[in-house]
Amino acid sequence: MPVSMIPPVTASDFLTRAGWSGAEILPLAGDASFRRYFRVVLQDRHAVLMDAPPPHEDPRPFISVAEWLVGQGFAAPRIFASDLELGLVLIEDFGGNRMREVLDADPRLERPLYRDVVTLLTELATKPAMAIDHYSLSEYQRELGLFTEWYCPAVGADVDAAEYVTLWNDLLEPVIAAQAHPVTVLRDYHAENIMLIEGREQLDRLGLLDFQDALAGHPAYDLVSMLQDARRTVSPEIEADMLAHYCSLANPGNGFDAAYHLLGVQRNLKILGIFTRLWKRDGKPRYRAFQPRVWGYVERGLRHPALALARAWMDANVPVEKRAAAWVEFAE
């Protein structure tokens, strides 16, 4: 079902209280949650109105992480005003130059832009993690369960879910151990959540969005999110180059490569489940178009030696015809 982009009835009064009386409210975007975004224009001033309606959404985590990121020197939106009871937040407008569309228009920018967004992650990794919940084993397993709960029934795959849980407990053990010194993980760090801000230079021009679900976890997670983008194909060559670039700057240690591929498969199995749920439960069939790409990342990751147990389970439980082939007719 399409997202309604009619502003909430409370928006005008909220904007008046915030000093934006008479501002024009223009539709901007909806996303996979209940959140919606509107551009607010008043003469030469502009901002973005986030509608995060309770009880479905809680804007407090977004505000908290945004303020922390700004305090650490990163380009997250400044918070101009908020009403937590209404779920309305007025934030800084980073303009309309989103990384995804910039790359679509000029593919020559791909390598330098990816180098910049990867460099930003190395800077983030130097900061002590924000005081937020940790990416626990139970959270990793909850996410993995979306694959067996939603994806597998949708394609008619009868799987051994108990073995799946057990093998991932074992696979994730070194990842959890490495999180003894966590970083702030933004969790949705990809080309559609990076704005290229006009008038700024270097990393300060990289505007960060959609980080309200941040957790303290492994530094490889956001790197995977960017380099195995569900909505934009990243070639194996670019992925390998940017992984090497990260390691050259951050020097993360010998276990990082295995953790990167483990978290890549973990994240993409979660995404396969989420996109299936968005189609089946939430009436958003367009997410089926992303499934072949996501499967490509999964298949790539399963070839890594650290994923041998996961590869064996997949071969025994999910036939090839129930993987990417099941979604080819919907592909972009």
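In total, 15 aromatic pairs are counted, where the rings of Phe, Tyr and Trp (its six-membered ring) pair if their centres lie within 6.5 Å, and planes under 30 degrees apart count as stacked, over 60 as edge-to-face and the rest as tilted. One of these pairs is formed by tyrosine 135 and tyrosine 140, whose ring centres are 4.3 Å apart with the planes at 5°, so the pair is stacked. The structure is a predicted model, in which local features need pLDDT of at least 70 and side-chain atom pairs count only at pLDDT 80 or more, while totals for chains, interfaces and linings use all residues. Residues are numbered from 1 along each chain as its sequence is written, and side-chain values use heavy atoms, with hydrogens and water left out.

Tyrosine 135 has a relative accessibility of 1% and therefore counts as buried; the term denotes under 20% relative accessible area, with exposed over 50% and partly exposed in between (1.4 Å probe, protein chains only). Tyrosine 140, at 0% relative accessibility, is likewise buried. Tyrosine 135 also pairs with tyrosine 221 in a tilted arrangement, at 5.2 Å centre to centre and 45° between the planes. Because tyrosine 135 lies in the loop between helix H4 (110-124) and helix H5 (137-155), and tyrosine 221 in helix H8 (residues 220-227), this pair ties together parts that are 86 residues apart in sequence. Helices (H or I, at least four residues) and strands (E, at least two) are DSSP runs, numbered from the N terminus. Both tyrosine 135 and tyrosine 221 are buried. Helix H8 itself is mostly covered, eight of its eight residues being buried; among them are Asp222 and Ser225.

A single aromatic cluster is formed by Phe147, Tyr151, Tyr164, Trp279, Trp295, Trp313, Trp327 and Phe330. The ring of phenylalanine 330 lies under the charged end of arginine 288, which is 4.0 Å from the ring centre. A charge is taken to sit over a ring if NZ of Lys or CZ of Arg is within 6 Å of the ring centre and within 35 degrees of the ring normal. The charged end of arginine 286 is placed over the ring of tyrosine 287, 4.4 Å from its centre.

The axes of helix H6 (residues 161-171) and helix H10 (residues 256-280) come within 11 Å and cross at roughly 145°; axes are lines fitted to C-alpha atoms, for helices over the stretch in contact, and angles run from 0 to 180 degrees between N-to-C directions. Tyr164, Trp168 and Leu171 of H6 meet Leu262, Val265, Gln266 and Leu269 of H10 in this contact, defined by heavy atoms within 4.5 Å. The contact residues comprise six nonpolar, one polar and no charged, with Ala, Val, Leu, Ile, Met, Phe, Trp, Tyr, Cys and Pro counted as nonpolar, Asp, Glu, Lys and Arg as charged, and the others, Gly among them, as polar.

Several backbone features occur in loops. Proline 54 and proline 55 are joined by a cis peptide bond with omega of about 5°, and proline 55 is located in the loop between strand S3 (45-51) and helix H2 (60-71). Glutamine 43, a residue other than glycine, has a positive phi near 55° and is found in the loop between strand S2 (36-42) and S3. Its relative accessible area is 76%, so glutamine 43 is exposed. Asparagine 251, also not a glycine, has a positive phi of about 45° and is placed in the loop between helix H9 (236-250) and H10. At 65% relative accessibility, asparagine 251 counts as exposed.
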